[in-house]
Amino acid sequence: MKKLLSLALSAVLLLALLAGCGDKSGTSNPGGDTPASPDASDGAGTITIEYWNSAEGAMATSTEYLVNQFNETVGKEKGIFVNSVFQGGDVVEKLKTLVQANDYKNFPDVGQIYAAGLSTVLQMENLVPLDTIYSSGEYEITLQKEDIYENFLRSYTYEGQLISLPLNASTMLMYYNKDAAREAGLNPDAPPATIEELAQWTDKLTVRDGSGAVTRYGLNIQMDRYELVNFLSGVSDTGCNYIGDNGGGRDAMISKLTIGEDGSLMTFLNEWEKVIATGGYKAVNDDERGEFANGLSAINFQSSAQLAAMASNAEGKFELGVAPLPACSSQYKASAAVGGGSIALFDKGDAARRQAAWEFMQFMASPDSQMYLFENNGYLPVCKSAYETDAYQAFIDENPNAAVAVEQLKNSDPGMQEPMDLINWELNTLCKENFIAWTAGEITKQECHDNIVDNFNAKLTEYIRANG
């Protein structure tokens, strides 16, 4: 993983150099105010567009590097300048505030949108669905729609129409301490393939002191909405669990969770009960990544986007193992839902701005830009052509752990996505609170099941009734 670290450091240094050059480069603004446009020396006729993003940590560094690259290359050639504006953890929340005030003039030209927020963005009248760009014949197309992986297209498609452009795509992975596995008599090169095997590993990897208190948990994962969706992804006779009706809300508006009536949630809970029974499972996220890095847990599940960070945190402490998600049981196929985000185009009432914004969006999803995100973060390239480059093969040869998420993606049904569940924050809270309570023995398995399904469906019905 040394190349991951050196590339990340190089990006930081390059960003620092670019930032020192003054207003010529796009810069992030944590305060949310619009940075100054380039000065007159950039030439008359330069179109300045605004890009709102939620990039933090390593992704913030990568975002600003790519924005600067655009401004210095394609942007300089075509008279386009991009201001990159950090808008907190969720751009959609800022956009909702503008919509409520009927303030469309202060929208960005481009906004970073996560899949969970797509149903909200669909209601915004100035959204420009990307299929209209591809079909209009009015825009230069350098990124063909056919070059984008079907799994990623599906994430941002509603009623058969592509809404936004996949940008930073990921899948959830299992990270584990290979040294701890060896010490426990486990084969570090044969990680758990099912939940039952995960329970066995959790039991053997758990360490207790003389009084019986746990000093190292075998497993630490807080079962929020995204985690549960991933574990349920393959629990289906077809190998693809949509979680909710209407294709998980992508063929039409979702009206209910289906994981209760089809039995998939209880099937998973029956297996997860084996993990809880070990007593070596920590169900609360106090600091999952930090505790894993410091040897306080031996298995942790995180996004592939954390690959560089997880490798850095483990370096010099233990050998890091990376594996795909275990299947619910040998009866089902392991699968994973696409995570990460996309970029959406908004109409500012100016055709030239739309053209400029589209140029920037294609640059961000181009093979070179996507390889940069892959190498420095762990985000999966969204375009097929990136996987055919010499740079991809060289990187995989040097960093074989990076190939795990790619193989997992190829083995996952394109239909398996996060549901467009309208009130995703409600499902997130219900999952977290009920799994913690069940693990602590405060509620039964059946109560955990019913609390999640019945309460969410009731809240969803109420939301739909109120919002149409």
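What volume does the largest pocket have? The largest pocket comes to about 1400 Å³.

What you're looking at is a predicted model, so local features need pLDDT of at least 70, side-chain atom pairs count only at pLDDT 80 or more, and totals for chains, interfaces and linings use all residues. Residues are numbered from 1 along each chain as its sequence is written, and side-chain values use heavy atoms, with hydrogens and water left out.

The mean pLDDT (the predictor's confidence in each residue, from 0 to 100) is 90 for the protein, and 90% of its residues reach 70 or more. Residues 1-43 are another matter: pLDDT stays under 50 there, and the model has 79 contacts beyond four places in sequence for them. A contact here means heavy atoms within 4.5 Å.

A quick word on terms. On a 1 Å grid over the protein atoms alone, a pocket is an open set of points with protein on both sides within 12 Å along at least five of seven lines, while a cavity is a set where a 1.4 Å probe fits but cannot get out; lining residues have an atom within 4 Å of a point. Grid points are joined across faces, edges and corners, and a volume is the space filled by probe spheres set on the points.

Back to the largest pocket, at about 1400 Å³. It has 47 lining residues, and the closest to its centre are Gly 89, Tyr 114, Tyr 226, Ser 303 and Gly 340. The lining splits into 16 nonpolar, 20 polar and 11 charged residues. For these classes, Ala, Val, Leu, Ile, Met, Phe, Trp, Tyr, Cys and Pro count as nonpolar, Asp, Glu, Lys and Arg as charged, and the others, Gly among them, as polar.

The second largest pocket has a volume of about 430 Å³. Among its 20 lining residues, Ser 119, Thr 120, Gln 123, Leu 422 and Tyr 463 sit closest to the centre. Helices H4 (91-100), H5 (118-121) and H20 (445-467) each bring at least two residues to this lining, which holds 12 nonpolar, 7 polar and 1 charged. Helices are DSSP runs (H or I, at least four residues), numbered from the N terminus.

The largest has a volume of about 60 Å³, and of its 13 lining residues the closest to the centre are Phe 231, Gly 234, Ala 327, Cys 328 and Lys 333. By class, that lining has 8 nonpolar, 4 polar and 1 charged.

The second largest cavity holds about 40 Å³. Its lining includes Arg 225, Leu 228, Val 229 and Leu 232, along with Leu 427 and Cys 431. Helix H10 (225-232) gives the most, with 4 residues, and H19 (424-439) also supplies at least two. The classes come out at 7 nonpolar, no polar and 1 charged.

## Helix H10 and the cysteines

Why is H10 largely enclosed by the rest of the structure? Because 8 of its 8 residues are buried, meaning under 20% relative accessible area with a 1.4 Å probe, protein chains only. Among them are Tyr 226, Glu 227, Asn 230 and Phe 231.

As for cysteines, the structure holds 0 disulfides (pairs of cysteine sulfur atoms within 2.5 Å). For Cys 328, the nearest cysteine sulfur belongs to Cys 448, 14 Å away. Cys 328 counts as buried at 3% relative accessibility, and Cys 383 does too, at 0%.

Technical notes:
Buried means under 20% relative accessible area, exposed over 50%, partly exposed in between (1.4 Å probe, protein chains only).
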